[in-house]
Amino acid sequence: MPMVARRLRDPDINPCLLESDASTRCMDENNYDREMCSNYFLKYKNCRKFWNSVMVQRRQNGVKPPMPTAAERNEILGAMGKMPY
């Protein structure tokens, strides 16, 4: 597997891996009818927005690494009590 593909499949790097997989699976199951999967696309888009804002905030605060690891993201989501997207 190419390095870029491995990085995209790494849960520590890609915070929206589950949403991405769900939208791809939906497209496969619905014969690539985008209208049938619009809810999955919206959820993925909101996920990216949320984690991008977290990353920007961490950069502004000087926190390294800018993207929280998978374990840190689980703690953040657990503290919120529900999915923000």
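Residues are numbered from 1 along each chain as its sequence is written, and side-chain values use heavy atoms, with hydrogens and water left out. Because the model is predicted, local features need pLDDT of at least 70 and side-chain atom pairs count only at pLDDT 80 or more, whereas totals for chains, interfaces and linings use all residues.

The structure holds 2 disulfides, a disulfide being taken as a pair of cysteine sulfur atoms within 2.5 Å. Counted along the chain, the bonded cysteines of the protein chain pair in the pattern 1-4, 2-3.

One of these links joins C16 to C47, with an S to S distance of 1.9 Å. C16 lies in the loop between α1 (3–8) and α2 (17–29), while C47 belongs to helix α3 (residues 38–60), so the pair ties together parts that are 31 residues apart in sequence; helices here are DSSP runs of H or I with at least four residues, numbered from the N terminus. The torsion about the S-S bond of C16 and C47 is about -100 degrees, and the disulfide is therefore left-handed. C16 is buried, with a relative accessible area of 0%, and C47 is likewise buried at 0%, where buried means under 20% relative accessible area, computed with a 1.4 Å probe on protein chains only.

The other link joins C26 to C37, with an S to S distance of 2.1 Å. C26 sits in helix α2 and C37 in the loop between α2 and α3, and the two are 11 residues apart. With -95 degrees about the S-S bond, the link of C26 and C37 is left-handed, and both C26 and C37 are buried.

Note on methods
Buried < 20%, exposed > 50% of the residue type's maximum accessible area, 1.4 Å probe, protein only.
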